[in-house]
Amino acid sequence: MKALVKITLKNGVLDPQGKAIQNALAALGFTGVEEVRQGKYIEIRLAEANEAKARAAVEKMCQELLANTVIENYAYELVPG
Amino acid sequence: MKAAVIVFPGSNCDRDVKVAIEAVTGTPVVMVWHGQASVPKCDLIVLPGGFSYGDYLRCGAMAAHSAVMRDVVAKAKAGTPVLGICNGFQILCEAGLLPGVLQRNASLRFVCRDVWLKVERTDTIYTSRYAKGEVIRIPVAHGDGNYFADAATLDRLEAEGRVVLRYVDETGRALPEANPNGSQHNIAGICDPTRRILGLMPHPERLYEPLLGGIDGRRFFESMAATLAA
């Protein structure tokens with residue numbers, strides 16, 4: 001089983017990298033880009049076959065290490081593989 | 001005063017802070033590798049500057065969960081003073097010993113220069129030899145020093161007087177122009193409610209003797225030596 005984890009900045013948290021990307025897109029001539037927020041994407045292959053147990057494990061991983069919940073939100077899905 | 005400096009893979013100010021402490025206190029400093037299960041009994045634990053674990057994931061995130069940090073957190077909670085400088089401040093936040101987080105500098109640039117700091121509190125182990133409100137010059141060198149916390153946390157820090165150091169201009173005004181990284185409230189250093197745990201982005205160990213170009217950082221170490229001498 002694989003966990004696909006997405007980590008994003010919370011609303012209201014300044015994202016200077018997203019801002020720089022937005023400026024670069026504008027410089028390239030892409031118009032109408034209203035906002036860019038940058039995040040992280042992490043794939044984790046798990047030995048666990050039981051979905052409920054896998055979910056509990058990934059939840060704990062997000063809480064303890066993968067995301068800093070002061071500034072970040074996380075979301076994940078479990079897929080075969 | 002017996003001090004221990006924790007060394008993570010990627011720490012690069014560990015020897016600087018060791019040399020500064022030894023020069024001021026005259027007592028050898030113990031260096032503790034991150035994989036060790038415990039820190040020897042000491043009066044002060046220092047988390048040095050650097051780029052622990054290559055700043056992977058988030059600055060300080062990996063280091064905060066390394067083997068030795070379990071004991072550092074336990075000892076900190078039991079009352080051992082802990083000083084985190086630069087990457088050490090990031091680690092203290094990631095380990096939950098201090099609130100908030102240090103984000104990428106608002107300019108997106110690595111900032112390496114001297115800054116002016118106002119010493120807001122002198123009743124701490126680390127700042128007792130400064131005058132309250134004194135403006136001092138200390139170098140910063142970081143890409144992620146932009147202090148962020150939610151509004152309630154900031155209010156609490158201010159209400160409890162836990163902002164120990166603030167970025168100011170030469171005359172002591174906390175203006176946006178004096179802020180090198182975008183930190184909220186121009187925060188350069190904060191302490192825990194007991195004032196035994198201090199995290200700061202600037203590097204006092206880089207300005208502790210005249211050969212380095214100044215001595216404004218020296219009194220940090222003299223403060224610690226005086227308070228923790230017994």
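In the predicted model, the interface between the two chains involves twelve residues of chain B, which are in contact with nine residues of chain A. On the chain B side, six of the residues touching chain A are nonpolar, three are polar and three are charged. The model as a whole has an ipTM of 0.85 and a pTM of 0.94. For chain B the average pLDDT is 96, and 100% of the residues reach a score of at least 70.

The largest nonpolar core comprises 74 residues. Within this core, the members that touch the most other members are B:Val5, B:Ile6, B:Val46, B:Val82, B:Leu92 and B:Leu117. When neighbours within four places in sequence are left aside, the contacts of B:Leu92 are B:Leu47, B:Val82, B:Gly84, B:Leu97, B:Leu98, B:Ile197 and B:Gly199. Another core, of seven residues, lies apart from the largest one and includes A:Ala3, A:Ile7, A:Val58 and A:Cys62. In soluble globular proteins, nonpolar side chains tend to be buried together.

Helix α5 of chain B spans residues 218–227 and is largely enclosed by the rest of the structure, because seven of its ten residues are buried. The buried positions are B:Arg218, B:Arg219, B:Phe220, B:Phe221, B:Ser223, B:Met224 and B:Ala225. Among the elements of chain B that cover these buried residues are helix α1 (14–25) and strand β3 (44–47).

Definitions and conventions: Residues are numbered from 1 along each chain as its sequence is written. Chains are lettered from A and ligands numbered from 1 in the order in which they are written. This is a predicted model: local features need pLDDT of at least 70, side-chain atom pairs count only at pLDDT 80 or more; totals for chains, interfaces and linings use all residues. A residue is buried if 20 or more other C-beta atoms lie within 10 Å of its own, exposed if 12 or fewer, and partly exposed in between; C-beta atoms are placed from the backbone. Helices (H or I, at least four residues) and strands (E, at least two) are DSSP runs, numbered from the N terminus. Two residues are in contact if their C-beta atoms, placed from the backbone, lie within 7 Å. pLDDT is the predictor's confidence in each residue, from 0 to 100. Ala, Val, Leu, Ile, Met, Phe, Trp, Tyr, Cys and Pro count as nonpolar, Asp, Glu, Lys and Arg as charged, and the others, Gly among them, as polar. A nonpolar core is a set of buried Ala, Val, Leu, Ile, Met, Phe, Trp, Tyr and Cys residues joined through C-beta atoms within 7 Å.
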